[in-house]
Amino acid sequence: ETPSQDIPEFFYHATYKELLPGIKKTGLDTREVQLAWDDSKPGIVYLANDPWVAESYAETSEVVPDEWIDEIVILKIASMDLDEEKLFDDRNVRTDEPSDTFEYHGIIPWNIIQYND
């Protein structure tokens, strides 16, 4: 089922500086990592259509160490580089309004991620 909302030109994923070395090695792969949210599912990368939305989720995680919250980094991914068949509405958002977030069911390789150090 394709997303009900418009697919933006770019997606954004907020993470923590501490996790960057692993992401550079394996890409955004959530199959075997500690997830930042209790309702996050392994194997799903959560993406936002706006960098501020992505950052707001990272800022409010309750399961990462407090000092990580000061070290949030925003990763940018061109939607044309993703497999659209793996893109879905974020099922954690329970509202009739279009969501700002998406689920990507798969791994996003580092070579398609834009990051400014």
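In this predicted model, Arg91 sits in the loop that links β4 (87-89) to β5. Is Arg91 buried or exposed? With a relative accessible area of 55%, Arg91 comes out as exposed, because the cut-off for that label is over 50%. Not counting residues up to four places away in sequence, Arg91 touches Ile44, Glu103 and His105. With His105 there is also a polar contact, side chain to side chain, at 3.3 Å. As for Glu103, it is 12 residues away from Arg91 along the chain, and the two C-alpha atoms are separated by 7.8 Å.

Moving on to strand β5, Thr101 has its place there. Thr101 has a relative accessibility of 4%, so it counts as buried. Its side chain makes a polar contact with the side chain of Asp90, at 2.9 Å. Asp90 is also one of the residues that Thr101 touches once those up to four places away in sequence are set aside; the others are Gln5, Leu47, Ala48, Val53, Tyr57 and Val93.

Val45 has a relative accessible area of 0%, so it is buried. Leaving aside neighbours within four places in sequence, Val45 is in contact with His13, Leu28, Thr30, Phe102, Glu103, Tyr104, Gly106 and Ile108. Ile7, by comparison, is 38 residues from Val45 in sequence and 15 Å from it in space, C-alpha to C-alpha.

Next come the aromatic rings. Across the whole structure, a search turns up 3 aromatic pairs. In one of them, the ring centres of Phe11 and Phe102 are 5.0 Å apart and the planes stand at 75 degrees, so this pair is edge-to-face. Phe11 lies in strand β1 and Phe102 in strand β5, which means that the pair ties together parts 91 residues apart in sequence. Both Phe11 and Phe102 are buried. Another ring, that of Phe10, has Lys76 lying over its face, at 4.2 Å from the ring centre.

In soluble globular proteins, nonpolar side chains tend to be buried together. The largest nonpolar core here has 17 residues, and the members that touch the most others are Leu28, Leu47, Ile77, Leu82 and Ile108. Which elements give two or more residues to this core? They are α1 (20-26), β2, β3 and β5. The largest share, 3 residues, comes from β3. For Ile77, the contacts beyond four places in sequence are Glu9, Phe10, Phe11, His13, Leu28, Leu47, Leu82, Ile108, Ile112 and Ile113. Apart from this core lies another one, made up of 10 residues, including Ala54, Val64, Trp68 and Ile72.

Definitions and conventions. Residues numbered from 1 in each chain as written. Predicted model: local features only at pLDDT ≥ 70, side-chain atom pairs only at ≥ 80, totals over all residues. Heavy atoms only, no water. Phe/Tyr/Trp six-rings, centres within 6.5 Å; stacked < 30°, edge-to-face > 60°. Helix = DSSP H or I, 4+ residues; strand = E, 2+ residues; numbered from the N terminus. Buried < 20%, exposed > 50% of the residue type's maximum accessible area, 1.4 Å probe, protein only. Lys NZ or Arg CZ within 6 Å of the ring centre and 35° of its normal. Core = buried A, V, L, I, M, F, W, Y, C linked by side-chain atoms within 4.5 Å. Contact = heavy atoms within 4.5 Å. Polar contact = N/O pair within 3.5 Å; in protein donor to acceptor, adjacent residues only side chain to side chain.
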